[in-house]
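Have the structure open beside you as you read.

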Amino acid sequence: MDATASPKALAEEGPDRDFWIAHLGAQLREQRTGRFTVEELAERAGVSAGLISQIERGIGNPSFATLLRLANSLDLPLASMFADPDPGNDHMVVRRADRRRIEIPSQGIIMELIVPDSERKLGVVNMTIPAHFDGASVPHSHEGEECVLVSAGRLVATVSGRDFELEAGDSLTYDASLPHWWSNRTDSAAVMLAISTPPSLGRAH
């Protein structure tokens, strides 16, 4: 993964860009069906019914904030929308090439599940945050404790209104019940490892 790639390059790289959009749409439809109509979910999430319909048909290009709102409205961690695990996985070892992942082509965000699945007591996710990304529109707040480790680039973590500037090698540990989000105020993508207990990726309250 090239931590210096531009958001546009990250969004367009690889032949499987359309696969991720279609996969996210299929997962959203599966999680919604039998629980809410498109209109009901749209009202709960604060997004348009037309956009949800487009995402489910694999022709939308959702933002990270939109996916967080949808996951939260379905009372699900965003990790539930990751690619299905390898059926041959022994649920202990995760090879680099076999990580479950979500790509958000519209923003160049890439999330990789480091643990075998989301049904764990510990959540570990590798995230690529594109240049100029601002997560303030959807702050997180959930039970437990969280630690983030920046492995490439620079990020600003905001916890309960307080900014922490983090460079490669820096980590931050905090009470996850406090509102928090991440921003990348640089011209290059950054990569961080987010570790939480219990797992909470994608819950924004």
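Strands here are DSSP runs of E with at least two residues, helices are runs of H or I with at least four residues, and both are numbered from the N terminus. Keep in mind that this is a predicted model, in which local features need pLDDT of at least 70, side-chain atom pairs count only at pLDDT 80 or more, and totals for chains, interfaces and linings use all residues. Residues are numbered from 1 along each chain as its sequence is written, and side-chain values use heavy atoms, with hydrogens and water left out.

Strand 4 and strand 9 are joined in the antiparallel sense by 7 bridges; two strands count as paired if DSSP finds at least two bridges between them. Strand 4 also pairs with strand 7, again antiparallel, over 5 bridges. There, Cys-147 has Thr-173 of strand 7 as its bridge partner.

Now turn to an open sheet of 3 strands, with the order 6-5-8 and antiparallel pairing. Strand 6 (162-167) and strand 8 (180-183) are at the edges with a single partner strand each, so one side of each has no neighbour in the sheet. From one strand to the next, the twist averages 25 degrees, taken between the N-to-C directions of lines fitted to C-alpha atoms, on a scale from 0 to 180 degrees. Strand 5 and strand 6 run antiparallel and share 6 bridges, and Ala-157 is partnered by Phe-164 in strand 6.

What lies inside? The largest nonpolar core has 31 residues, and Phe-64, Leu-78, Met-111 and Val-148 have the most contacts inside it. Such a core is a set of buried Ala, Val, Leu, Ile, Met, Phe, Trp, Tyr and Cys residues joined through side-chain atoms within 4.5 Å. Among the elements that each supply at least two residues are strand 4 (145-152) and strand 9 (190-197), while helix 5 gives the most, with 5 residues. A second, separate core of 12 residues includes Phe-36, Ala-42, Ile-55 and Leu-76.

Ala-42 leads us to helix 3 (residues 38-45), where Val-38, Leu-41, Ala-42 and Ala-45 are buried (under 20% relative accessible area with a 1.4 Å probe, protein chains only; exposed is over 50%, partly exposed in between). Seen down the axis, the buried residues of helix 3 fall within an arc of 105 degrees, so they line one face; the arc is that of the directions from the helix axis to the C-beta atoms. Glu-39 and Glu-43, on the other side of helix 3, are exposed. Just after the helix, Gly-46 adopts a positive phi of about 75 degrees.
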